[in-house]
There are 2 protein chains.
Amino acid sequence: MDAAEWLFADQGFEGTSIRGIVDAAKVNLAAIHYHFRSKEALLEAVLTRRITIINEVRLKRLEFAEASAAPRSASVEEIVRAFIAPTVEFAQRDKSGATFVQLMSRMFTERRFSLTDFLGRKFGDTIGRFTGALLGALPHLPREVVLWRTFFAIGAMHQVLCSPGKIDLVSRGLLESTSNDELTEYLVQFAAAGLCANSSSKPSKKKSKTLTSRRRNE
Amino acid sequence: MDAAEWLFADQGFEGTSIRGIVDAAKVNLAAIHYHFRSKEALLEAVLTRRITIINEVRLKRLEFAEASAAPRSASVEEIVRAFIAPTVEFAQRDKSGATFVQLMSRMFTERRFSLTDFLGRKFGDTIGRFTGALLGALPHLPREVVLWRTFFAIGAMHQVLCSPGKIDLVSRGLLESTSNDELTEYLVQFAAAGLCANSSSKPSKKKSKTLTSRRRNE
DNA sequence: GTCTATAGAACGATAGAC
DNA sequence: GTCTATCGTTCTATAGAC
C-alpha cells in the first residue's frame, strides 16, 4: 500500500498507526488485517514489493560491468556504481520511488530483531555478491578492511537517501540543490576512493571492548 | 535519565513509552512529567547532556590539529580524525556511552521537524567549524563537493554506530569482531580518502528533479 | 518533590453480519 | 472480501493528597 509506504517512511514504523494508514488510504481498518496478518507483515510486504526490483537491477548492472571488463575484474568504481545508481534512479523515478528509498534507508537503522533478520534475508545474497566482486577487485587489501569499507559506503548512501533535508546540517543553506545525477557521481567517487584507500597504518593494538557485540532484545 | 537513553536508542523515540522508562528506572510516572515537561523534552534533555561534551572534545582536537600543522592547514585525515575519534572513544568509555552514540546516530535518520531543528541547533556550529577546516584543506575542490563528501563521511560513521549488529549484513558472520581503535582508523582512512578523491568526471548534465527538498533557483 | 489515581484518547487486533 | 462494532490494552498527561 502506497499510503503505508509514505507514512512508514515519514514517521517510522512505531510512529505510524494502522489507523493513520487507513485514513490516508481511505480503506477499512479490518481490511488491512485481512490482507496482511499484522502491522509488521504489512511493513514487510511494503518493503519486499520494491527491494526485489532494486536488487535485480543492481545484479544486472554488476554482471554487465563484469562482462565489459572481462577477463579482468570490474573496476571498483563500476562495482560501486552498479550498487548505488539503481537506488538513486529508483528514487528519481517518481514520488513513490523517492519515498521508498527513504523508508528502506530508515529501516537499516532499526534494531528490532525481526526486521534485522528480514533485511538479512532480503539483502544478504545481493550484498554478498557485491562484496565478492569488491574483494576480487581489491586483492591487496585484507578482507576485513574491504568488508568494513563496503559497510561505510552503504552508510554514506543511506544517510543521503533517508532524510533529504539533513544536508542542511552541513551546508547551512549555502548549497544550491544538487541534481540526482551529480549526487550519484559524488557518492560513487567518494565511495570508490574510500574503498581503494591505502591501508597504510594498521594500528592492531587490540582493545577488549568492541562496538559490534550484538545485543538481541528478547 | 540513563534508562531513557537506553530505551530510546534501542526502540526509537516513538517505540519507547514513558511507562517503559519508568519501569526500567524504577521511578514514578508523574516524576518524569514533573522534571521534564513532556516525552519530547525528555529526549532533548537526554541528547543535550552528552552532545555538548562530545562537540567540545571535537573542537579541542580540531584546534590542536590546526595548531600542530600551523602555519599550514591541518591535513584532511587529522580533521576527520578530530571529528570521528571522540565519538568512537565516547562509545568505548562505558555502556552508557555506547548507548548514547547509538541514540545520536539514530536520531539523525528521524524526519520530525522539531528534532531536525534541535539537531541543527546543537550540531550546526560544530559541523560548520569542521566544514570550514575541510574547505581550507581542500581548496582545489568545489565547495559543493566538499560539503556533500562531509555529509557522506558523517553518514558512514553513523551507520557504524547506530546499529552495531548490522555489519553482519555485509560480513555474514565471517568477520571477527574488530576493536574500536581499528574501527576508528578504518573509518578515518575511508572518509579521508573519499574526501580527497579527484573530482575528475563532473557529469554536469543536470536533470530537473532532485532528492533534496529545496528547489534550484534559476 | 514524590506519590496514587485516573482522565481521555489512541492503539493493534478480532468477531461476526453481510 | 468488505464492513461495523468493540475488546482489551497501552499511551501521554494531569489532578491532588502527602
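Student: How many salt bridges does the structure hold over all chains?

Tutor: The structure, a predicted model, holds 30 of them over all chains. A salt bridge here is a side-chain nitrogen of Lys or Arg within 4 Å of a carboxyl oxygen of Asp or Glu. Side chains of opposite charge can pair when their charged atoms come close.

Student: What does B:D2 pair with?

Tutor: B:D2 forms a salt bridge with B:R49, and the closest N and O atoms are 3.2 Å apart. The pair links distant parts of the chain, with B:D2 in helix α1 of chain B and B:R49 in helix α4 of chain B, 47 residues apart. Helices (H or I, at least four residues) and strands (E, at least two) are DSSP runs, numbered from the N terminus.

Student: Which salt bridge joins B:R49 and B:E5, and at what distance?

Tutor: The side chains of B:R49 and B:E5 meet at 3.4 Å, N to O.

Student: Is B:E5 buried or exposed?

Tutor: B:E5 counts as buried, at 1% relative accessibility. B:R49 is partly exposed, with a relative accessible area of 34%, and B:D2 is partly exposed at 47%. Buried means under 20% relative accessible area, exposed over 50%, and partly exposed in between (1.4 Å probe, protein chains only).

Student: And B:R61, what does its side chain meet?

Tutor: The side chains of B:R61 and B:E89 meet in a salt bridge of 2.4 Å, N to O. B:R61 lies in helix α4 of chain B and B:E89 in helix α5 (residues 76-93) of chain B, so the pair ties together parts that are 28 residues apart in sequence. B:R61 counts as partly exposed at 29% relative accessibility, as does B:E89 at 37%.

Student: Which residues of chain A do shared partners join into one network?

Tutor: Salt bridges that share partners join A:D2, A:E5, A:R49 and A:R50 into one network.

Student: Back to helix α1 of chain B. Why is it described as largely enclosed?

Tutor: Seven of the ten residues of this helix (residues 2-11) are buried, so the rest of the structure largely encloses it. Among them are B:A3, B:L7 and B:F8. The buried residues of α1(B) pack against α2 (18-25), α4 (39-69) and α6 (95-107) of chain B. Just after α1(B), B:G12 takes a positive phi of about 85°.

Student: Changing topic: how much area do chain A and chain B bury between them?

Tutor: They bury about 8,700 Å², 60% of it on carbon and sulfur atoms. Buried area is the accessible area (1.4 Å probe) that two parts lose on being put together, summed over both. The contact (heavy atoms within 4.5 Å) takes 93 residues from chain A and 93 residues from chain B.

Student: How many salt bridges cross that interface?

Tutor: The rule finds six across the interface of chain A and chain B. One of them pairs A:D125 with B:R172, whose closest N and O atoms are 3.2 Å apart.

Student: Which helix supplies the largest share of the chain A side?

Tutor: The largest share, 18 residues, comes from α8(A). The residues on that side divide into 35 nonpolar, 33 polar and 25 charged. Ala, Val, Leu, Ile, Met, Phe, Trp, Tyr, Cys and Pro count as nonpolar, Asp, Glu, Lys and Arg as charged, and the others, Gly among them, as polar.

Student: Where is A:N198?

Tutor: A:N198 lies in the segment after α10 of chain A. A:N198 is exposed, with a relative accessible area of 65%. Not counting residues up to four places away in sequence, A:N198 touches A:R149 and B:Q189.

Student: What is the average pLDDT of chain A?

Tutor: Chain A averages 90, and 91% of the residues score at least 70. pLDDT is the predictor's confidence in each residue, from 0 to 100. Over residues 202-209 of chain A the pLDDT is below 50. Where pLDDT is low, the predicted coordinates should not be read in detail.

Student: What conventions apply?

Tutor: Residues are numbered from 1 along each chain as its sequence is written, and chains are lettered from A and ligands numbered from 1 in the order in which they are written. In this predicted model, local features need pLDDT of at least 70, side-chain atom pairs count only at pLDDT 80 or more, and totals for chains, interfaces and linings use all residues, while side-chain values use heavy atoms, with hydrogens and water left out.
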